[in-house]
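Reader: Could you walk me through this one, starting with how a pair of helices packs?

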Amino acid sequence: MAETLQTIAGSIAWPIAIAMAWIAGEAGSRWLSLPRVSGYGIAGFFMAAAQGGFLADFSGGPVALLADFAFALILFELGYRINLRWLRINPWLGVTSAAEAVGVFAAVFMLARAFAVPLVPSLLLAALAMSTSPAAVLRVANELKSSGQVTERLLHLSALNCVWAVVVFKAIIGYGVLANAGSVFQATWNSLVVVAVSAGIGTLFGVAVPGLLRSIGGVDRNATVAFAVGVLLLTALTHAFKFSPLLAALAFGLVARHRRVILSQAQRNFGALGDLLTVLLFVFVGASVEWKQAVAGIELALAVMGVRLAVKMAATTLFARLGGITWRKGALTGLAMTPMSVFVILLLEQTRYLQLGALDQVAGIAAMVLLLEVIGPLATQRALIWAGETHHAESR
Amino acid sequence: MTVALEPFKASHPLTMGVELELQLVNPTDFDLSASASDMLHLLERRKFPGDVKPEMTESMIEISTDPHARHADLLAQLLHIRDTLVAAGDRLNVALCGGGTHPFQRWFDQRIFAKPRFRKLSDLYGYLAKQFTVFGQHVHIGCASADEGLYLLHALNRYLPHFIALSASSPFFQGVDTLFDSARLNSVFAFPLSGRAPFLLKWSDFEHDYFTKMEKTGVVKSMKDFYWDIRPKPEYGTIELRVCDTPLTVERAAALAAYLQALCRMLLERNEAPPSEDDYLVYNYNRFQACRFGLDGTLIHPKTNKSLSLREDILATLRGLEPHAAALGSQAAFNELHQAVASEGSHASFLRRQYAEEGGVQGMVDAAVRAFRREGAI
């Protein structure tokens with residue numbers, strides 16, 4: 001009897017958590033003008049078992065896979081919005097991206113060493129800090145219906161720095177495994193091959209899915225479901241073979257856009273499906289953080305956040321005029337790139353099987369994730385409003 | 001109370017200037033992109049080959065040329081403007097295109113440009129203001145005197161449908177095929193002060209019998225408040241033809257201006273029967289025919305009440321104007337128009353073909369973007 005109850009309780013825990021998080025998101029949006037995703041994350045944090053909540057340990061389970069799927073949908077959409085031709089015509093975007101990514105990596109690495117963090121965790125922390133969470137920026141941009149240069153640059157720079165982050169992160173993992181007396185084969189496998197194969201599978205999908213759609217016909221039909229099914233399959237595949245679903249989904253979107261076999265596009269956010277999965281994703285991320293860990297790493301976290309923001313804003317401001325926008329819009333682009341938590345958690349979650357225990361080892365990560373869960377989307381929201389790229393500005 | 005109607009400034013007769021309202025489009029999903037401020041910022045840095053201004057909504061930009069006497073000079077400036085805009089757009093990931101409407105934008109998504117006049121209009125007209133996210137070409141023709149301007153304005157009434165049909169490039173609106181070749185004009189007609197100008201041929205009559213009275217009613221404050229098909233522009237010393245959709249190419253825009261210039265030259269010879277109030281009995285009917293059916297429309301001649309095929313009427317007019325085109329150096333423009341009317345069809349039919357072939361409204365905008373850059377065949 002008790003066992004049955006436990007099973008029932010276990011099976012309804014996540015639906016209840018999603019319902020509560022959704023209410024928290026709506027409430028935060030209504031009364032505090034918080035981006036909805038911030039509300040989801042905070043709710044997830046408080047409902048986690050580590051904080052005395054009812055969400056038990058879920059890593060590696062089906063919920064983690066669903067979270068990966070949710071994130072992959074977002075990365076697909078981000079990839080679809082990237083215009084490679086623009087990067088070629090306006091080289092200052094690439095320069096800005098390189099400057100902010102390399103700058104953040106170097107600055108955070110030095111900072112972590114100054115806090116006496118060991119070498120490999122310092123490198124991992126620096127790699128993770130490069131990234132901007134595509135989930136947060138895309139959701140906030142879509143929620144505000146923003147359009148303009150800050151929005152466009154934010155999305156392009158986020159996509160780029162995520163790629164840099166994954167590549168460097170995997171390379172460091174490879175190095176870490178090697179340093180911990182693993183085989184050379186495993187180290188190589190974990191960096192270069194994973195990156196290349198993931199991107200390759202994504203590319204394959206990017207060619208095949210639009211081609212399939214075209215041959216089925218009815219090109220004016222909304223392609224949302226077809227792309228979503230593609231992303232689901234892609235996530236499951238890459239997960240099963242331990243490749244990177246993140247890179248694969250990004251490549252899928254990017255290729256699907258540039259092949260332009262068909263022009264009908266998926267709905268923003270993948271419609272209601274995307275909305276629902278986003279709640280799950282942010283609850284998952286919020287619930288991954290333990291209060292104790294967060295408190296332990298708070299000083300380092302605050303220092304890293306400050307340095308990261310400063311470097312990103314400096315890079316985007318420095319190259320703003322050369323890239324064709326005002327200093328102000330440049331600075332706001334850097335500010336808008338604050339979010340990072342979702343990306344980090346999923347990347348760490350994927351490397352769990354390597355037994356690095358990264359979330360515990362990389363000091364400060366937990367606190368950063370928690371803080372940026374709230375502050376990150378808020379910074380993006382404010383930056384887009386201040387840039388006058390939202391409808392929001394009209395009523396002020 | 002100040003007199004809001006400026007004196008009519010004489011200008012070089014038969015000079016022409018063009019204004020084009022252009023669409024700013026996101027190259028990812030081909031929806032309108034609220035990028036006017038960003039574009040204007042970038043364009044301000046260098047000398048612009050003409051004039052560029054914001055329009056009502058953030059996804060629209062308006063360019064204008066200097067006055068020109070010859071088609072070739074007008075076209076050269078328009079091409080220069082086009083290239084400057086396209087280069088700026090490329091740096092900002094913004095695509096530009098012509099077309100009288102954006103085929104699938106939702107008007108409630110449009111952001112009003114942050115300028116007091118636009119905000120005021122937006123408050124006054126409500127959804128009409130955003131629905132007014134349509135894109136037109138205006139052509140100015142210089143007039144030696146105000147009375148000459150009013151004469152031309154009314155003498156042109158019978159030719160107005162030509163310009164609607166020749167420029168028509170707005171078959172789709174809010175995601176559906178409207179069956180109109182120029183759906184844009186339906187939006188314009190929604191405004192209370194749209195349509196024809198009152199039949200007055202003397203500037204002094206216009207000023208005292210019409211404008212001053214209207215001003216007293218408080219309905220209007222300046223000429224800007226009239227959205228007439230053709231209106232006098234006293235501060236420039238021109239009449240302004242406002243019924244054209246923005247064509248997909250600047251070449252077509254220049255050709256339309258040259259056609260109007262040649263027509264005015266012919267009308268000023270005063271060999272045609274002078275305009276009369278009764279000409280306007282068939283005016284709205286003819287205008288509807290041109291909007292709805294484009295070149296396939298049927299006109300009623302205001303003097304003879306005979307039915308005419310719009311296509312035939314344009315071809316006949318083009319032939320009749322040949323000596324004027326030769327005198328003005330506009331043969332290239334006439335060739336372009338002749339080809340469109342006789343064989344290629346209007347830009348509206350080009351867009352409908354794209355819809356069928358490319359699959360959907362996005363393919364249509366993609367084709368319009370390529371046509372504007374002159375990358376795709378049209």
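Reader: How are helix 14 of chain A and helix 16 of chain A oriented to each other?
Author: In this predicted model, helix 14 (residues 298–318) and helix 16 (residues 327–336) of chain A pack at an angle of about 150°, their axes 7 Å apart, where axes are lines fitted to C-alpha atoms, for helices over the stretch in contact, and angles run from 0 to 180 degrees between N-to-C directions. Helix 14 of chain A and helix 16 of chain A are therefore roughly antiparallel, the word for angles over 145 degrees. Helices here are DSSP runs of H or I with at least four residues, and strands are E runs of at least two, numbered from the N terminus.

Reader: Which residues of helix 14 of chain A meet helix 16 of chain A?
Author: From helix 14 of chain A come A:Lys312, A:Met313, A:Ala315, A:Thr316 and A:Thr317, and they meet A:Trp327, A:Gly330, A:Ala331, A:Thr333, A:Gly334 and A:Leu335 of helix 16 of chain A; contact requires C-beta atoms, placed from the backbone, within 7 Å. By class, this contact has five nonpolar residues, five polar and one charged, with Ala, Val, Leu, Ile, Met, Phe, Trp, Tyr, Cys and Pro as nonpolar, Asp, Glu, Lys and Arg as charged, and the others, Gly among them, as polar.

Reader: And the make-up of chain A, how many helices and strands?
Author: Chain A has 19 helices and zero strands, and 56% of its 396 residues count as buried, that is, with 20 or more other C-beta atoms within 10 Å of their own.

Reader: Switching topic, what does chain B put into the contact with chain A?
Author: Chain B gives 25 residues and chain A gives 25 residues. On the chain B side, the elements with two or more residues are helix 1 (36–44), helix 2 (71–92) and helix 14 (347–373), and helix 14 of chain B has the largest share, six residues. That side of chain B holds six nonpolar, 11 polar and eight charged residues.

Reader: What confidence does the predictor give?
Author: The complex has an ipTM of 0.83 and a pTM of 0.88. Local features need pLDDT of at least 70 and side-chain atom pairs count only at 80 or more, while totals for chains, interfaces and linings use all residues. Residues are numbered from 1 along each chain as its sequence is written, with chains lettered from A and ligands numbered from 1 in the order in which they are written.

How values were computed
Contact = placed C-beta atoms within 7 Å. Buried ≥ 20, exposed ≤ 12 C-beta atoms within 10 Å, placed from the backbone. Parallel < 35°, antiparallel > 145°, perpendicular 65-115°, else oblique.
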